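Here are a few notes from going through the model, for you to check against the coordinates. Have a look at the sequence and structure, then read on.

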Amino acid sequence: MRFIRLKAKKVFKLIGLDILSTKLWFKYLGLKNGISIKYLDRTIELTKNKDKIIIAKGESFFGSIGIVVRDFQNFFETVKPIKASDGNNVIDFSVPKFHQSFRNNDEFFFHDICEPITVTDIYTTVFPLQEGNVVFDIGAYCGTQTVYFSRLVGNTGRVLAFEPDKTTFQSLKTNIEKHNLSNTRILNVGIFSHDGEVRFSGQSSMGSSIDDTGTISIQVNTLATVCQENSISKIDFIKMDIEGAEIDVLESSIEVIKKFKPCFIIEPHFKNGVLNDTEMLTIFKQLDYGVKILKQGEFDYQPLIYAFPNK
């Protein structure tokens, strides 16, 4: 669930604002939602009444601010805050650490902000996962949804989780090991239109993405290659959240989709300032899939796409 999660310079270019104007814009959004924003040397504090969320002042902090402003209360329904000496309820995402979830008191390690449980609920309830299902978690991030997928498909099911960002992959690995998921395999690769290496903008955040101007290289594979290398005989459900590479993956996976007919929940993203949901819907129509638009939280501008094969 993202607020066009990009490096600060890209955000400024996309929306045509300099740093000062961007800060003023977020101050306005914060005030509109009853949230004050304080910029410190290394952190940013967002406070509403007695609730406070602290985030790191890294490369993608403007994206983090957007998510926190939009979903402020949902974070306090996702992870348990700490009661500070000043009486505030504090969630501190500024340093990597374990957080306790309200869901079954589970603990998850996050090196950056987490996704609100409301998003995880969409991924785990819209498609009724059952014992024995095979799930691909493409863009697994730190693995909150991976853990719940694993539990839902049970011992006879299988989950493959893909996360190309190296720092994020380590958080994913930590959470998979923490929850002893024997039916889950995690892969430090990206899913893309071809096999090989691509440039990558690795922010170690939810906004890491394939990017021609990226400073590092990552390994990528097609869905067909992954299926062949992992002896996949069926795919029931694919969650896809890959920061703008969705169309590349879908267009290069037509034969795999026709063969296995999986259901999808995909988060569209902005490419060149335009949300790629229309392209996505066109592809699914050509594949004879039905679609439903799923609202994320209170806003309509970046929905989820639920796609399912017509019988």
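1. A quick definition before the helix: the expected span of a helix is 1.5 Å times one less than its number of residues. Keep in mind that this is a predicted model. Helix α7 covers residues 166-178, so 13 residues at 1.5 Å a residue should span 18 Å. The end C-alpha atoms of α7 are 18 Å apart, which agrees.

2. Which residues of α7 are buried? Thr-168, Phe-169, Ser-171, Leu-172, Asn-175 and Ile-176 are. They cover an arc of only 160° around the axis, so they sit on the same side of α7. As for what covers these buried residues, the list includes β6, β7 and α6, along with β9 (158-162) and β10 (184-187).

3. The N-terminal end is capped by Asp-165, with a side-chain oxygen of Asp-165 lying 3.1 Å from the backbone nitrogen of Thr-167. After the helix comes Asn-180, and its phi is positive, near 50°.

4. Asn-105 has phi near 55°, a positive value in a residue other than glycine. Tyr-141 also has a positive phi near 55°, and is again a residue other than glycine. Where do they lie? Asn-105 is in the loop between β6 (97-100) and β7 (107-110), while Tyr-141 is in the loop between β8 and α6 (144-153).

5. Are those two buried or exposed? Asn-105 has a relative accessible area of 43%, so it counts as partly exposed. Tyr-141 comes out at 7%, so it is buried; the cut-off for that is under 20%.

6. On to strand β15 (residues 237-240). In a regular strand the side chains alternate between the two faces of the sheet. In β15, Phe-237 and Lys-239 point one way, and Ile-238 and Met-240 point the other way.

7. What does β15 pair with? Strand β8 (residues 134-138) pairs with β15 in the parallel sense, over four bridges. Strand β16 (residues 263-266) pairs with β15 in the parallel sense too, also over four bridges.

Technical notes:
Residues numbered from 1 in each chain as written. Predicted model: local features only at pLDDT ≥ 70, side-chain atom pairs only at ≥ 80, totals over all residues. Heavy atoms only, no water. Buried < 20%, exposed > 50% of the residue type's maximum accessible area, 1.4 Å probe, protein only. Helix = DSSP H or I, 4+ residues; strand = E, 2+ residues; numbered from the N terminus. Pairing = 2+ DSSP bridges. Arc of directions from axis to C-beta. Contact = heavy atoms within 4.5 Å. Polar contact = N/O pair within 3.5 Å; in protein donor to acceptor, adjacent residues only side chain to side chain.
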